[in-house]
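Here's a quick tour of a single chain, meant to be read with the model open beside you. Take a look first, then follow along.

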Amino acid sequence: MNNLEKEFYNGKEILITGADGFLGSYLTEKFVDYGALVSVCVHNKKLKNLNNIKSKLKNIIVEDISSFNIVDLMVKENPDIIFHLAADGYIRNSIENPIKVNKTNLDGTLNVLEAARLLKDKKLERLIFVSSYLIYGSKDSKIDESSNFEPNNPYAASKAAADLYCQSYLKTFSLPIVIVRPSSIYGPRQNKNFISLFTDSALKNQDIKLEGGGLQTRDLVYVDDVLEALLIVGYNKKAIGGIFNIGNGIELSVKDIAEKIIKISNSKSKIISVEQRLGQDLKLCCDTSKFKEIFDWEPSVSIEEGLTKVIKSAR
């Protein structure tokens with residue numbers, strides 16, 4: 001982040017949904033550090049990740065993102081920039097309770113879009129929607145932004161629908177929307193994803209259970225690299241109206257990742273194969289050349305470096 005970008009965010013009124021989540025909390029901390037006036041939308045007043053900067057926030061909105069009440073609350077904030085990250089991101093939840101997850105991920109996004117529509121003629125500069133590369137489904141080759149949506153589980157379907165609604169509001173109402181589709185984000189502070197679960201098992205020298213033997217492939221991108229990408233699209237005017245994949249572009253099997261975690265942590269864990277659950281994507285890897293070409297961006301954290309940071313923070 002250069003000095004011009006830091007100056008851009010200083011004093012900006014920014015609204016972040018899902019601010020107390022994994023990625024959202026890092027983004028909120030970054031903007032507070034840059035001197036932005038940050039308001040947050042959270043679903044629980046017991047701030048898990050933001051308690052240390054609670055006093056530095058402009059406003060804390062405690063409301064279910066899927067409740068229509070959120071529209072008026074967001075409009076009242078009258079932000080310059082909205083980052084919409086709020087979502088139920090657990091695939092297992094979406095399989096067990098697809099209606100509830102859809103309500104959060106799709107209805108919540110519609111509420112944010114309605115707020116943005118009402119704010120269009122005020123001072124709203126842009127709305128950044130954080131989608132997911134899971135909307136594409138399994139693909140044999142690297143996924144670019146024009147790839148078809150073929151979601152393999154209800155979570156991915158809900159994000160695909162939300163993504164399409166963002167595209168429709170961009171076209172119908174000429175809203176200044178940016179859509180980013182990150183690959184598998186990981187880093188300290190995360191829980192319930194496979195990286196954190198593998199790390200926890202490795203540090204306890206427990207067996208690491210791989211569904212289907214861990215032959216599925218993923219594209220891992222460290223949280224700091226995603227943060228940098230989000231700061232770019234919030235600042236650079238070239239981003240408005242764009243859709244961008246954000247990832248490393250490196251395809252690794254889940255088994256390879258587990259083996260790296262065992263090696264880095266000097267664990268005695270063994271890898272065992274268990275039955276594969278429903279809704280799994282077998283092969284996922286992003287083509288991020290569009291984002292790299294437009295914004296001269298490259299992920300800077302290697303897989304080994306990122307996993308080392310995760311393990312160190314979990315010890």
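Which residues of α6 are buried? They are Tyr 155, Ala 156, Ser 158, Lys 159, Ala 160, Ala 162, Asp 163, Cys 166, Gln 167 and Tyr 169. Here buried means under 20% relative accessible area, exposed means over 50%, and partly exposed is in between, using a 1.4 Å probe and protein chains only.

A word on where this comes from: it's a predicted model, where local features need pLDDT of at least 70 and side-chain atom pairs count only at pLDDT 80 or more, while totals for chains, interfaces and linings use all residues. Residues are numbered from 1 along each chain as its sequence is written, and side-chain values use heavy atoms, with hydrogens and water left out.

**More on α6**

Helix α6 covers residues 154-173. (The expected span is 1.5 Å times one less than the number of residues.) The cover over its buried residues includes α4 (91-96), α5 (98-119), β5 (126-130), β6 (177-182) and β11 (243-246); contact here means heavy atoms within 4.5 Å. After α6 comes Ser 174, with a positive phi near 55°.

**The whole chain**

Zooming out, the chain has eleven helices and 13 strands. Both are DSSP runs numbered from the N terminus: helices are H or I with at least four residues, strands are E with at least two. A compact globule of 315 residues would have a radius of gyration near 20 Å, and the chain's 19 Å agrees with that. That radius is taken over C-alpha atoms, and the globule rule is 2.2 Å times the number of residues to the power 0.38. The C-alpha atoms fill a box of roughly 55 × 40 × 40 Å along the principal axes.

Of the 315 residues, 55% count as buried. Among contacts with a separation of 6 or more, 79% join residues 24 or more positions apart.

**Helix α2**

Now for α2 (residues 22-33), which has twelve residues and reaches 17 Å from first C-alpha to last, close to the 16 Å expected. It's mostly covered, with nine of its twelve residues buried; among them are Phe 22, Leu 23, Tyr 26 and Phe 31. Just after α2, Gly 35 takes a positive phi of about 90°.

Most residues other than glycine have a negative phi.

| Residue | Phi | Relative accessible area |
|---|---|---|
| Arg 189 | about 85° | 33%, partly exposed |
| Lys 192 | near 70° | 61%, exposed |

Arg 189 sits in the loop between β7 and α7, and Lys 192 lies in that loop too.

Leaving aside neighbours within four places in sequence, Asp 207 is in contact with Ser 201, Lys 270 and Ile 272. The C-alpha atoms of Asp 207 and Tyr 136, 71 residues apart along the chain, are separated by 31 Å.
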